[in-house]
Amino acid sequence: MKWGMVIDLKRCIGCYGCQLACKAEHGTPPGVYYARVLKSEEGQYPNVRNLFLPVLCNHCEDPPCVEACPTGASFKWEEDGIVDIDHDLCVGCRACMMACPYTNRYFNDQPSHYHPQGATPYEAARTEPHQQNVVMKCDFCRDRVRAGKPPACVANCPTVARIFGDLDDPTSEVSRLIKERSGFTLHPELGTGPSVYYLPA
Amino acid sequence: MTEISAKYEQLIQDLRRDFRPQREWGEGRGLFLVIGHFLVGVAAGAWLFGLIFNYTPGLIAGFILAGGGGIAHLAFLGRPERFWKMVRHVRTAWISRGFVGLTLFLVGAALYLPPLVVTGWPWAADSVPGYLGWGMAACGMVVLIVYMGFVYEASKGIPFWNSPLHPVLYMAYALRGGIAALLVTMALFDAPGAGATRLVTIWIAITAVVIILFALEIQGALTGGNPAARQSVREMLAGRMAVYFYVGTLLIGLVVPLVLLSGHIAPLSVGVLAAIGLFSALGDFFMKYTTIRAGIYLPLRPRQARHR
């Protein structure tokens, strides 16, 4: 089994719902984004269009971050292909951040609250489990997936632009969409084998 | 604005850019990594030339610099108390290999050096512990000279560093730094002999190699077709790192030593040779600093569009 995600760029409306759902699910501190949406525009008036590119960890087949990690803190689960971090092993050298061509790793050296007056009780409870001075990243909501639920960003996408499934199963929806709609990955030339595919806008 | 919120605002600004600069290595605590890499490189070079020229103060300088480099590395880590875990991934990670190399070097040097310096030490330099120390330090030295460039070369996220020339350039820097350290120690501890003249000759040769390698790397980045690598070169030659590059690397690290070497300012003496070594080492530090700070992440967008 190899978990993967397909993001339909034609359906994405740039609402940031995935980013917020992820923040709510994981209680990530300021400066740490497991899921982001890049916004840009192309063309010239009056022929202009918005481009949205939701990005997250690509859970690569051959992850450069795992290779670069000196402690083995960055690792890949053999049973489902999810790339994860064991925060108890991370020394905070940030080599994985330099190795990741998708720039989806963040160093958590900020105090874990959003408000100048300090953390709210809710924030404190949500962010308390996160270690400081270690690298953090998306884990495809592994706990949710193991419980039979889709990742938070997938469950909360209002336009169903995100589809999650088994890339190894040729009959799964993700495999079908990739095949039928010419799904592409970011920077395929690097040979990392991302598990996040995009359908053209 | 507090330092933390300023850093947060900076990250938000960076995430909006097409060409996002890396700030983790080289800024804030990241400066310790640059210092660490610089010191460790110079230490390994100093040890090598200390052995070649049979010059014990050079070996001592190498040992002290390597210790300083190790401390700087620890100061950089987010979780320094876990440093020993870096031995776990030697099979794939260059940082692990560097950690093993530094450990071998420090332990080996601690075995080999004392009998050379302290009379009546329990073992001699030509005894089993002495030979063991020599061997360990030599292995560690080779690893330290080689590994740093590969740490950067393995960074797929930063195309400017991801060049096959980077490891060779870092090896050349380690050798140049080693000669610089020896020139300074020769001036500090005793008058330079014939060895100093040979060292200067080697310094000129390695400097020429460094210039050629650096020019090739810049040319490769500009013509290699990667926009992030091109942007890194722009940052270094005409952007936010230009002052460090022109003043630190070119003026301090190259022009001043060459002018001193020409003898136009003062005749070659112990002090002038030490100054050449010092300026050369400073230039190497700025070279590493500018190269690291000029690192730009690979853009994520499949095509470049105007940013909102």
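User: What share of the 201 residues in chain A do buried residues make up?
Analyst: This is a predicted model, in which local features need pLDDT of at least 70 and side-chain atom pairs count only at pLDDT 80 or more, while totals for chains, interfaces and linings use all residues. Residues are numbered from 1 along each chain as its sequence is written, and chains are lettered from A and ligands numbered from 1 in the order in which they are written. A residue is called buried if 20 or more other C-beta atoms, placed from the backbone, lie within 10 Å of its own, exposed if 12 or fewer do, and partly exposed in between. For the 201 residues of chain A, the buried share comes to 46%.

User: How many helices and strands does the secondary structure of chain A come to?
Analyst: Helices (H or I, at least four residues) and strands (E, at least two) are DSSP runs, numbered from the N terminus. Counted in this way, chain A has seven helices and nine strands.

User: Which residue in S3(A) is the bridge partner of Glu41(A)?
Analyst: Strand S2 (residues 35–44) and strand S3 (residues 47–56) of chain A pair in the antiparallel sense over ten bridges, forming a hairpin with two residues between them. Within S3(A), the partner of Glu41(A) is Asn50(A).

User: Which helix gives the most to the side of chain B that touches chain A?
Analyst: Two residues are in contact if their C-beta atoms, placed from the backbone, lie within 7 Å, and 37 residues of chain B are in contact with 41 residues of chain A. The elements that give two or more residues to this side of chain B are helix H1 (3–15), helix H4 (94–112) and strand S1 (306–307) of chain B. With four residues, the element that gives the most is H1(B).

User: How many of the 25 residues of H7(B) are buried?
Analyst: Helix H7 (residues 165–189) of chain B reaches 36 Å from its first C-alpha to its last, close to the 36 Å expected at 1.5 Å a residue, where the expected span is 1.5 Å times one less than the number of residues. This helix is largely enclosed by the rest of the structure, because the number of its 25 residues that are buried is 21.

User: How many of the 24 residues of H11(B) are buried?
Analyst: Helix H11 (residues 270–293) of chain B reaches 35 Å from its first C-alpha to its last, close to the 34 Å expected. H11(B) is mostly covered, and of its 24 residues the number buried is 17.

How values were computed
Pairing = 2+ DSSP bridges.
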